[in-house]
Amino acid sequence: MSTHAKRERLLLADLLETTGPEAPTLCEGWTTRDLAAHVVVRERRPDAAGGMLVKQLAARLERVMAEFTAKPYEELIQLIRTGPPRFSPFSLKQVDELSNIVEFYVHTEDVRRAQPDWTPRELDPVFQDALWSRLERSARLMGRGTPTGLVLRRPDGQTAVAHRGTPVVTVTGEPSELVLFAYGRQGAAKIALEGEEDAIAKLRGTKQLGI
């Protein structure tokens, strides 16, 4: 049975192929070529991928990213589509689903929602629940630097506290939209904000959401 991560992987690969290498994305400064290189490096070059989180490895990551960005675009897409090599932890189904469901969903929407003619897609309830499960676990990490208290709320009333503090802003939306919001795509997420006007303005303008 195909996993959610596998489905989003193939969808992302198809989307990158359709849009071409120079299309915009929601990742500031990145074209689709840059995003494709990022996905491949993350899975295939763990020696460099650590630079996404560790400053001391940032220069190495930059060099490796440049190498992969220079590869033929079709090759990058094929590497995404076929997945990581066998020696990679990501090749294990359980690890892939745990680590990549949000990664591939967010990057798929990074491409989709940067295009002028994008439309929302309907996601099945099981997938929404899977995204919510991941978001509950990572909410405090994603929201640790926000300038206000932050609560994420599903339409059914389930909540996750992303940051304790006052004043509090409550963000309501489907898990898929809350994931985009929490991962720094505030302007593209279809959500509703409740709270003091000044606090909402601060939250909308912050660049401290996400990793």
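User: What makes α6 largely enclosed by the rest of the structure?

Analyst: 15 of its 20 residues are buried, so the rest of the structure largely encloses α6. Buried means under 20% relative accessible area (1.4 Å probe, protein chains only), and a helix is a DSSP run of H or I, at least four residues, numbered from the N terminus. Keep in mind that this is a predicted model, where local features need pLDDT of at least 70, side-chain atom pairs count only at pLDDT 80 or more, and totals for chains, interfaces and linings use all residues. Residues are numbered from 1 along each chain as its sequence is written, and side-chain values use heavy atoms, with hydrogens and water left out.

User: Where does α6 bend?

Analyst: At N100, by about 50°, within residues 93-112. That's the angle between axes fitted to the seven residues ending there and the seven starting there.

User: How do you know that the largest pocket lies between domain 1 and domain 2?

Analyst: Domain 1 (3-114) and domain 2 (135-205) both give residues to its lining, so the pocket lies between them. The bounds come from an automatic or database domain assignment. α6 gives the largest share of the lining, seven residues.

User: Why are β1 and β2 called paired?

Analyst: Pairing needs at least two DSSP bridges between two strands, and β1 (residues 149-153) and β2 (residues 159-163) have four, in the antiparallel sense. L150 stands opposite H163 in β2. The two strands form a hairpin with five residues between them, and G157 in the turn has a positive phi of about 100°.

Note on methods:
Buried means under 20% relative accessible area, exposed over 50%, partly exposed in between (1.4 Å probe, protein chains only).
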